[in-house]
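Here is a walk through a two-chain model. Keep the sequence and the coordinates open side by side as you read.

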There are 2 protein chains.
Amino acid sequence: MSQPTTHTPLDAPGSSRRGFLRAVGLSGGAGAMFATMGALGLAPTAHAAGTEAPFRAPSASDFSLTGRSAASVVILGGGVAGLATAYELGKAGYRCTVLEARDVAGGRNFTVRGGTRQEDLDGNVQTARFSDGVYFNAGPGRIAQWMNTMDYCRELGVELEVFSNTNASAYIYNEKAGMRPGAPMRYRTAKADVYGYVSELLAKAADQGALDARLTADDKERLLEFLRDFGDIGGRVAGDPAASWRYTGGQRRGLAADPGGVGEPGTPLGPVPDLSTVLASGVGRYFSFEFGYDQAMLMFQPVGGMDAIPRALARAIGGRRIQLGCAVTRVTDRATDVVVEYRDAGGRTRSITADYCVSALPPHIMARIPHNLGGEVNTALNALRPSSAGKIGLEYRSRWWETDHDIYGGITETDMDLAHIWYPSNGFHSRRGLIVGYYNTGANADAYTALSPADREKRAVAQGVKIHGEKYRTELAHSFSIAWRRTPYLESAWNYPTGGQTIEDLTQLTEPTGRVYFTGDWLSHAVAWQHGSFSSARQVVTRLHSRVMAG
Amino acid sequence: MSQPTTHTPLDAPGSSRRGFLRAVGLSGGAGAMFATMGALGLAPTAHAAGTEAPFRAPSASDFSLTGRSAASVVILGGGVAGLATAYELGKAGYRCTVLEARDVAGGRNFTVRGGTRQEDLDGNVQTARFSDGVYFNAGPGRIAQWMNTMDYCRELGVELEVFSNTNASAYIYNEKAGMRPGAPMRYRTAKADVYGYVSELLAKAADQGALDARLTADDKERLLEFLRDFGDIGGRVAGDPAASWRYTGGQRRGLAADPGGVGEPGTPLGPVPDLSTVLASGVGRYFSFEFGYDQAMLMFQPVGGMDAIPRALARAIGGRRIQLGCAVTRVTDRATDVVVEYRDAGGRTRSITADYCVSALPPHIMARIPHNLGGEVNTALNALRPSSAGKIGLEYRSRWWETDHDIYGGITETDMDLAHIWYPSNGFHSRRGLIVGYYNTGANADAYTALSPADREKRAVAQGVKIHGEKYRTELAHSFSIAWRRTPYLESAWNYPTGGQTIEDLTQLTEPTGRVYFTGDWLSHAVAWQHGSFSSARQVVTRLHSRVMAG
């Protein structure tokens with residue numbers, strides 16, 4: 001299907017600056033031209049803050065300076081990396097065809113709604129019966145502000161809202177540390193106690209001179225001032241070190257009855273646990289999550305479901321360029337083109353020939369497909385080990401977490417095998433809502449994967465009841481669960497290099513083999529994030545375009 | 001205008017349970033009836049979690065058990081407390097009239113949009129020229145999850161979205177501590193450094209035995225494990241205490257270049273400042289803000305502007321019951337009714353007679369209005385001192401804070417007189433947006449109040465440029481500023497008791513004087529919050545209704 005070349009006329013009208021650039025482009029090649037454009041302040045960058053490697057999308061006008069023309073490209077896999085490759089190449093007129101084995105584009109960016117049907121590799125069939133407006137992001141669920149995913153949302157017109165990654169009103173439930181059913185702890189209470197005691201301990205040590213080797217007198221006074229505020233602790237009691245700098249609780253812990261009108265000053269939450277109890281509870285282990293560069297609030301999500309991103313990409317690419325239900329069966333790299341055989345949605349074997357091929361398949365899936373790229377490619381692909389992760393979406397008939405618990409979004413952390421519970425970041429106060437009843441990885445995910453969907457629900461609900469009470473069971477309407485290792489054509493939540501390698505070691509995959517390129521979040525430093533998929537796709541697009549431009 | 005009484009018929013059809021309740025009501029009074037309903041599980045509470053004093057809205061059916069009927073009530077002031085009073089009493093058929101001196105209901109809940117005109121007490125006239133969809137919440141801007149404001153939003157159908165009260169990507173700019181223009185620090189960087197050094201110091205002290213009197217061996221190991229994770233610090237280096245537990249930075253600080261594809265692992269932000277520098281920078285003083293019971297994320301705002309709340313209340317009350325442009329000039333409490341004189345929107349003097357009066361005016365404004373309630377009432381009203389606060393809304397032609405700084409919402413903290421800068425929590429990636437360029441109180445607010453609106457803008461922008469660069473000036477489209485002390489009929493941001501008193505001491509105001517009641521956030525334990533207004537209104541409604549029910 002190598003389509004006829006469309007030449008952008010070299011004699012198109014242009015300014016003298018453009019004429020200058022054309023001369024540079026003809027003599028020095030694309031690289032020299034881009035460098036010159038950068039020096040003139042003309043080269044657009046993906047990111048005005050200048051904190052990322054600049055990406056310049058290919059453009060049809062690039063060819064007017066070179067005498068070359070856009071090529072045809074077949075892209076294997078319509079996940080975010082594959083779609084982004086087609087989208088960016090399409091800006092310069094590349095004729096892309098995306099082959100996607102599933103019946104929907106987006107890959108792991110998969111949003112389940114009423115009517116979504118999926119059969120896994122163990123024969124479990126689920127059809128979601130969610131209500132109108134209720135959705136379940138089975139894959140990625142959040143975006144950090146610095147990620148290029150935000151830039152793509154802006155460029156594609158995908159509307160964003162806050163994803164509630166942390167919430168002081170959400171719970172911590174550490175069963176193994178002895179918390180009892182019905183008695184989880186609010187995040188705000190755990191933080192107040194841990195920060196209070198940490199401040200008390202450090203203030204005592206500093207005030208008693210234990211850190212004089214490390215602190216000047218000014219340092220010490222500033223540290224004590226900080227700790228009083230940070231831990232909400234008392235001050236120095238002259239002549240009584242034991243009574244100094246004490247943490248004794250306070251309103252930051254939350255209240256048993258909220259402040260209201262006259263006569264209603266608010267009721268304290270109850271006795272403050274002692275230091276040993278707080279340390280043994282293990283609640284502090286969850287605090288650093290929100291300090292992560294990729295997890296710190298504010299985080300964002302597309303309005304209406306994460307699949308707004310692949311949908312917008314698909315619209316921009318053009319639906320006819322994306323062939324759904326097409327599973328690749330063989331890839332043959334040849335001297336002047338690439339032949340890709342596949343089974344189409346009707347079960348017929350077909351083939352497509354293009355100037356170039358970009359494989360955006362999960363690496364362990366690509367390794368299984370017959371090809372002539374050589375054994376070293378497969379060794380490298382198989383060095384990227386697939387990982388387990390699972391999620392369950394629980395639709396409830398009422399939003400009892402809002403009305404009964406004052407929890408509007410956020411994440412409850414547990415030491416149970418369900419790991420995390422996510423409350424919805426959207427539809428506040430609406431009639432129904434969807435809780436993510438588990439989001440777990442590794443052995444915990446494997447344990448749920450081994451169960452039938454009905455048993456996964458049963459197990460998740462039995463644990464959730466310990467935190468939220470019986471409504472967690474009685475208000476449940478439907479559920480839908482995903483087990484990524486057993487999801488056809490994906491079979492992994494994400495892939496990391498094994499054996500002490502980093503992605504920088506897998507040079508077999510970062511360079512093309514013949515006319516075949518590789519892309520995916522696994523070929524980035526942001527594995528498991530759409531940012532990684534976009535970053536990798538941009539690299540492949542830049543390299544492929546440079547090659548075509550260089551002839 | 002004491003309207004004719006409408007009797008709810010005593011012979012309305014009812015179940016036997018209702019008959020039983022009626023008998024209790026007739027013999028034991030309303031209090032006994034409510035207690036019985038509670039025991040039967042029938043009495044609705046405002047809050048299913050049971051953490052607030054229960055509020056039961058009056059209902060027309062209450063009267064069917066007593067032979068009494070709803071009364072007429074004139075309410076002075078159409079702020080949130082006044083509207084809430086009319087709204088709740090209206091549920092039981094009370095004939096309420098709200099007199100509001102301004103041309104819009106809501107009081108300090110005031111949202112400025114294109115066309116909003118305001119003249120202040122110094123003769124400054126401003127007419128907002130904001131673009132379509134751009135708004136400025138000049139008064140309250142955020143709601144905590146536990147506040148009854150959330151319940152009113154649910155009941156009234158006011159749609160909510162996250163208010164971004166904290167953001168790791170927002171800045172801290174402490175000019176007095178030596179930060180230079182163009183070099184603010186991100187919140188995430190400040191936190192990483194402070195938490196890192198705090199963890200290092202406490203780990204060293206604990207590991208060297210300085211806290212052995214306070215920590216068991218188990219405590220100590222748990223504490224060290226927590227600190228390693230919390231501060232992202234190194235571990236124990238055998239035989240080298242100085243090298244142990246060291247904080248040396250890390251990705252939590254943020255990055256100069258973000259991680260991307262292969263060859264793009266991310267670039268560290270630069271050298272980590274030493275401990276003394278971090279302590280002297282004063283950045284840590286802002287951290288405890290987000291631990292506050294009333295400020296901890298997640299926080300919320302109504303979609304489209306905070307005035308969605310008074311608008312919804314006004315719709316529920318019925319527009320004809322709210323008379324705008326009506327300034328109260330005299331209140332006369334009489335044996336069987338109350339007479340309120342006022343100047344209407346046309347400048348004519350009018351009067352209204354009702355069974356009861358509820359003053360929802362700011363206390364210092366009420367104290368100025370001639371009345372016959374006695375000097376002690378005025379002494380109490382004047383004990384609530386008005387406070388200064390100001391805000392400026394800056395509309396920009398582009399959302400450069402998103403594209404250039406990766407800041408999507410949140411608050412930048414400064415030690416300059418503008419205090420806080422708020423980035424918008426809505427309209428991400430849209431064309432324009434509104435920044436709150438200052439939100440200050442006390443002397444800082446007084447300083448801006450003394451300026452003309454044009455000079456307020458100039459001063460705020462000159463400071464913002466230090467943090468954000470020239471776009472803070474060049475992209476500015478329009479501004480609108482509010483100085484609450486000089487805003488007609490409000491003349492205060494909020495009122496707190498003076499002279500060491502608490503609201504519990506001002507019994508002159510918590511009890512009615514004759515037929516006149518008082519309400520407002522200032523009569524609550526949540527001053528300056530709409531929650532306080534609603535809580536106080538509920539108390540007045542409950543008391544007034546009980547009195548009418550008791551005859």
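A salt bridge is a side-chain nitrogen of Lys or Arg within 4 Å of a carboxyl oxygen of Asp or Glu. By that rule, a search of the whole structure finds 57 salt bridges over all chains. This is a predicted model, in which local features need pLDDT of at least 70 and side-chain atom pairs count only at pLDDT 80 or more, while totals for chains, interfaces and linings use all residues. Residues are numbered from 1 along each chain as its sequence is written, chains are lettered from A and ligands numbered from 1 in the order in which they are written, and side-chain values use heavy atoms, with hydrogens and water left out.

Start with how the two chains relate.

Now the interface itself. Contact here means heavy atoms within 4.5 Å. On that count, 88 residues of chain B are in contact with 88 residues of chain A. The two chains bury about 8,000 Å² between them, 62% of it on carbon and sulfur atoms. Buried area is the accessible area (1.4 Å probe) that two parts lose on being put together, summed over both. In chain B, the residues that lose the most area to chain A are B:V262, B:F291 and B:Y293, together 10% of what that side buries.

Polar links also cross between the chains. There are 30 residue pairs in polar contact between chain B and chain A, both residues being at pLDDT 80 or more. A polar contact is a pair of N or O atoms within 3.5 Å; within protein, one must be able to donate a hydrogen and the other to accept it, and residues adjacent in sequence count only if both atoms are side-chain atoms. Several elements give two or more residues to the side of chain B that touches chain A, among them α3 (148–156), α5 (217–231) and α15 (530–550) of chain B. The largest share, 10 residues, comes from α4(B). Helices (H or I, at least four residues) and strands (E, at least two) are DSSP runs, numbered from the N terminus. By class, this side of chain B has 44 nonpolar, 26 polar and 18 charged residues. For that tally, Ala, Val, Leu, Ile, Met, Phe, Trp, Tyr, Cys and Pro count as nonpolar, Asp, Glu, Lys and Arg as charged, and the others, Gly among them, as polar.

How many salt bridges are there between chain B and chain A? The count is two. One joins the side chains of A:E200 and B:R214 (2.8 Å, N to O). B:E200 and A:R214 also meet in a salt bridge, at 2.9 Å, N to O. This pair crosses from helix α4 of chain B to the loop between α5 (187–207) and α6 (217–231) of chain A. B:E200 counts as buried, at 2% relative accessibility. A:R214 is partly exposed, at 32%.

Other salt bridges stay inside one chain. The side chains of B:D307 and B:R113 meet at 2.8 Å, N to O. B:D307 lies in the loop between β13 (299–302) and α7 (308–317) of chain B and B:R113 in the loop between β3 (111–112) and β4 (117–119) of chain B, so the pair ties together parts that are 194 residues apart in sequence. B:D307 is buried, with a relative accessible area of 8%, and B:R113 is partly exposed, with 24%. B:D212 and B:K220 form another salt bridge (3.0 Å, N to O). Here B:D212 is partly exposed at 43%, and B:K220 is buried at 16%. In chain A, a network of salt bridges links A:E88, A:K91 and A:E155.

Finish with two single residues. B:Q530 is found in helix α15 of chain B. Is B:Q530 buried or exposed? B:Q530 is buried, with a relative accessible area of 7%. Leaving out residues up to four places away in sequence, B:Q530 touches B:V80, B:N109, B:P140, B:T149, B:M306 and B:I309. B:G239 lies in the loop between α5 and β11 of chain B. At 83% relative accessibility, B:G239 counts as exposed.

Methods. Buried means under 20% relative accessible area, exposed over 50%, partly exposed in between (1.4 Å probe, protein chains only).
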